[in-house]
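Take a look at the model below.

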Amino acid sequence: MNDLLLSEINTDQEDLLRAVMLIEEFIFEQKSDALPQIEQLVEYCEQELADVEDPLAQAEHLINVLFLDLLLLDTKRSSWPVGAFKLETAVAQREIHPVLKAIVIKYIAEQCGFEVDLVFVPEKIMLRLICDQQFAIIFDPLNGESLNWEELDHRLDELTEEPSQYLDAMDTKAVLVEYLTALKNALIHEQKHSLALRCVDVLITLKPEDPFERRDRGFLLHQLDCFKVAYDDYQYFVNQCPQDPAAQILKLQLDNIKISNTILH
C-alpha cells in the first residue's frame, strides 16, 4: 500500500472523493477517469440553480435536479454489483451504491456552494444539506427522499444506545470504512477473492485491531490457499471473540488446516 493512499485514508479531512479514487486505483489497479463526468454534473447543477435565490428553495431544487434531471434516483436492493462501486462505470450507468453516491453528491453540492455532511441515521448513511442557520435537509442518497424531524425522532427513540452520535458529521475514515465494507462484500459475492483481500488490507489499515476484519482476511486467504496466514488470522479471531458463533465453528476448522502443506504468497 503506497504512502499517498495511507496519508489520504488516515486523515480527517473531507476530500472523500479523492480518497475513494485512490482506493479504487489500489484495488482494481486502474486509475479512475470519473472526474470529468462528475464535473459535468456540477456544471449542470450550477446552471439550474443560477436563478434561485432563497437558500431553502436552492437546496430543494438541487435535490430535485440530482435525482430527477440527472437520473440519480434508484430503488432499494439487497445486493449491488461490483461495478456500482467503481466511479466511472457507476456514474456513467447511473447504478451507484448508496455510500458512493452520497460521496459524489457531497462533492457536487459543495462545488455548488452548499455546506453538506454525511450522517449515520439508523441504519444507513444519509446526507445533511445545510440551508441556513435554522434549516437543514436530511435525505437518502438512494432516492433523495427527505427525513422529517418526526421520523428522525422516532428512529432515534428506538435506539438503546446514546442517540447523539448518529447526528454527528461522519469523518473521512468512518465513511471509507462503510464504502470498503460494502465493496468487500460485493467482491466476495462475485468470488473475486484477490480483490476482496485488497479491500480487507485497507480496512485493517484503518482498523488494525478489528478481529472481524482479521476473520475475513483469514477466509479470503484460505480461499487463495494461503493456509498458514489464514490460520493465524482465524486464531486471532477465536482468541478475541471466543463467544462469537463463528468462533465456535472456526475452532473445529483450525484443527483441520494442515500447516505443513502451505502455499505461501
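## A residue in a loop

Leu 142 lies in the loop that runs between strand S3 (136–139) and strand S4 (146–147). The model is predicted. Is Leu 142 buried or exposed? Leu 142 has a relative accessible area of 8%. Buried means under 20%, so Leu 142 is buried.

Which residues does Leu 142 touch, not counting residues up to four places away in sequence? They are Phe 67, Leu 72, Leu 73, Asp 74, Thr 75, Lys 76, Trp 80, Pro 98 and Lys 101. Take Asp 74 from that list. Leu 142 and Asp 74 are 68 residues apart along the chain, yet their C-alpha atoms are separated by 5.6 Å.

## A residue in a strand

Now move to Asp 117. Its place is in strand S1 (residues 115–121). The relative accessible area of Asp 117 is 14%. The cut-off for buried is under 20%, so Asp 117 counts as buried too.

What is Asp 117 in contact with, leaving aside its neighbours within four places in sequence? The contacts are Lys 106, Met 126, Leu 127, Arg 128 and Ala 169.

## Two packed helices

Two packed helices are described by the angle between their axes and by the distance between the axes. Here the pair is helix H9 (residues 193–206) and helix H10 (residues 211–223). Their angle is about 155 degrees, and their axes are 9 Å apart. Angles over 145 degrees count as roughly antiparallel, so H9 is roughly antiparallel to H10. The crossing of the two, H9 and H10, is left-handed.

Which residues make the contact? From H9 come His 193, Ala 196, Leu 197, Val 200, Asp 201, Leu 203 and Ile 204. From H10 come Glu 213, Arg 214, Asp 216, Arg 217, Leu 220, Leu 221 and Gln 223. Sorted by class, the contact of H9 with H10 holds 7 nonpolar, 2 polar and 5 charged residues.

## The whole protein

The protein has 12 helices and 4 strands. It has 265 residues, and buried residues make up 45% of them. Leu 142 and Asp 117 are buried residues.

How much accessible surface does the protein have? The total comes to about 13,900 Å². Carbon and sulfur atoms account for 47% of that surface.

Last, consider contacts between residues at least 6 apart in sequence. Of these, 56% join residues at least 24 apart.

Terms used. Residues are numbered from 1 along each chain as its sequence is written. This is a predicted model: local features need pLDDT of at least 70, side-chain atom pairs count only at pLDDT 80 or more; totals for chains, interfaces and linings use all residues. Side-chain values use heavy atoms; hydrogens and water are left out. Buried means under 20% relative accessible area, exposed over 50%, partly exposed in between (1.4 Å probe, protein chains only). Contact means heavy atoms within 4.5 Å. Accessible areas come from the Shrake-Rupley method with a 1.4 Å probe; for residues, only the protein chains shown count as cover. Axes are lines fitted to C-alpha atoms, for helices over the stretch in contact, and angles run from 0 to 180 degrees between N-to-C directions. Angles under 35 degrees count as roughly parallel, over 145 as roughly antiparallel, 65 to 115 as roughly perpendicular and the rest as oblique. A crossing is left-handed if the near helix is turned anticlockwise from the far one by less than a right angle, and right-handed if clockwise. Ala, Val, Leu, Ile, Met, Phe, Trp, Tyr, Cys and Pro count as nonpolar, Asp, Glu, Lys and Arg as charged, and the others, Gly among them, as polar.
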